[in-house]
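Subject: The structure I promised you

Hi there,

Here is the structure for you to look through. Open it up, and then read on for what turned up in it.

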Amino acid sequence: MFDQSSFADALHSPGPIEGLAEKLSLYGRFVGAWTFDASRHLEDGTVLTGRGEVHFGWVLEGRAIQDVWILPARDTGSQPSLGKWTFYGTTLRVYDPGADAWHIFWSDPRNQYFSRQLGRAEGDTIVQVGTDGTGSSVRWGFSRITENAFRWLGERSHGNGATWRLEVEFLARRAV
């Protein structure tokens with residue numbers, strides 16, 4: 001018989017691995033529970049809105065951060081303003097000391113949407129660039145970061161990064 005708690009114990013870590021705490025703080029500062037207001041900007045100008053939740057935690061001996069993004073939030077029930085836009089996915093963020101960057105792996109099994117990116121600090125923001133499962137260039141980022149809030153943007157380029165179109169914006173607040 002499988003003991004679910006043994007899996008959680010093997011995955012989760014109490015904090016960052018010793019010696020890398022400063023580098024790991026780029027994403028480590030988000031550890032905890034958050035709620036967010038979501039806006040999705042469709043190409044026809046329609047904007048879908050709703051409320052979601054995200055949870056960040058230390059994993060893999062404190063060498064990585066994993067998060068779970070959920071839209072709509074589990075405590076809200078159906079949100080008609082979202083249309084068919086929903087997700088329940090996870091990101092694994094692994095720091096690479098050799099590249100001084102983060103390997104980012106997003107997986108949303110509900111929608112079969114996957115993305116791989118490389119993330120770095122750029123001033124007081126975090127920028128992640130890469131491609132999704134369709135081969136499109138994507139740029140995701142965190143900005144306006146404080147102890148209790150952040151803004152997350154998702155952009156897509158159909159011109160190999162020459163121009164970007166805003167697709168998604170999340171305004172997050174730390175849950176109390």
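This is a predicted model: local features need pLDDT of at least 70, side-chain atom pairs count only at pLDDT 80 or more; totals for chains, interfaces and linings use all residues.

Residues are numbered from 1 along each chain as its sequence is written, and side-chain values use heavy atoms, with hydrogens and water left out.

Back to serine 13, which sits in the loop between helix H1 (4-11) and helix H2 (21-28). Helices (H or I, at least four residues) and strands (E, at least two) are DSSP runs, numbered from the N terminus. Serine 13 has a relative accessible area of 15%, so it is buried. The cut-offs are under 20% relative accessible area for buried, over 50% for exposed, and partly exposed in between (1.4 Å probe, protein chains only). Leaving aside neighbours within four places in sequence, serine 13 is in contact (heavy atoms within 4.5 Å) with Trp58, Val59, Leu60, Glu61 and Gly62.

One of those partners, leucine 60, has a phi near 55°, a positive value in a residue other than glycine. Leucine 60 is in the loop between S2 and S3 and, at 38% relative accessibility, is partly exposed. Glutamine 112 also has a positive phi, near 55°. Its place is the loop between S5 and strand S6 (113-122), and glutamine 112 counts as exposed at 55% relative accessibility. A further backbone feature is the cis peptide bond from leucine 71 to proline 72, with omega near 5°; proline 72 is in the loop between S3 and S4. Why point these out? Most residues other than glycine have a negative phi, and most peptide bonds are trans.

Two glutamines are worth a look. Glutamine 66 belongs to strand S3 (residues 64-71) and is partly exposed, at 21% relative accessibility. Its side chain is joined to that of threonine 90 by a polar contact of 3.0 Å. Beyond four places in sequence, the residues in contact with glutamine 66 include Leu11, His55 and Phe56. Glutamine 128, in strand S7 (residues 125-132), is buried with a relative accessible area of 1%. The side chain of glutamine 128 makes a polar contact of 2.8 Å with the side chain of tyrosine 27, and among the other residues it touches are Arg93, Ile104 and Trp140.

Now for the core. The largest nonpolar core has 32 residues, and Trp69, Phe142 and Phe150 have the most contacts inside it. Such a core is a set of buried Ala, Val, Leu, Ile, Met, Phe, Trp, Tyr and Cys residues joined through side-chain atoms within 4.5 Å. Its largest share, four residues, comes from strand S2 (residues 47-59). Phenylalanine 150 is in contact with Trp69 and Phe142, and also with Phe30, Trp34 and Val54, among others.

Finally, the largest pocket has a volume of about 470 Å³. Of the 20 residues lining this pocket, Trp85, Phe87, Trp106, Tyr113 and Val168 are the closest to its centre. Strands S4 (87-96), S5 (101-108), S8 (137-143), S9 (149-157) and S10 (165-174) each give two or more residues to the lining. By class, the lining has ten nonpolar, four polar and six charged residues; Ala, Val, Leu, Ile, Met, Phe, Trp, Tyr, Cys and Pro count as nonpolar, Asp, Glu, Lys and Arg as charged, and the others, Gly among them, as polar. On a 1 Å grid over the protein atoms alone, a pocket is an open set of points where a 1.4 Å probe fits, with protein on both sides within 12 Å along at least five of seven lines, and lining residues have an atom within 4 Å of a point. Grid points are joined across faces, edges and corners, and the volume is the space filled by probe spheres set on the points.

Best wishes

Note on methods
A polar contact is a pair of N or O atoms within 3.5 Å; within protein, one must be able to donate a hydrogen and the other to accept it, and residues adjacent in sequence count only if both atoms are side-chain atoms.
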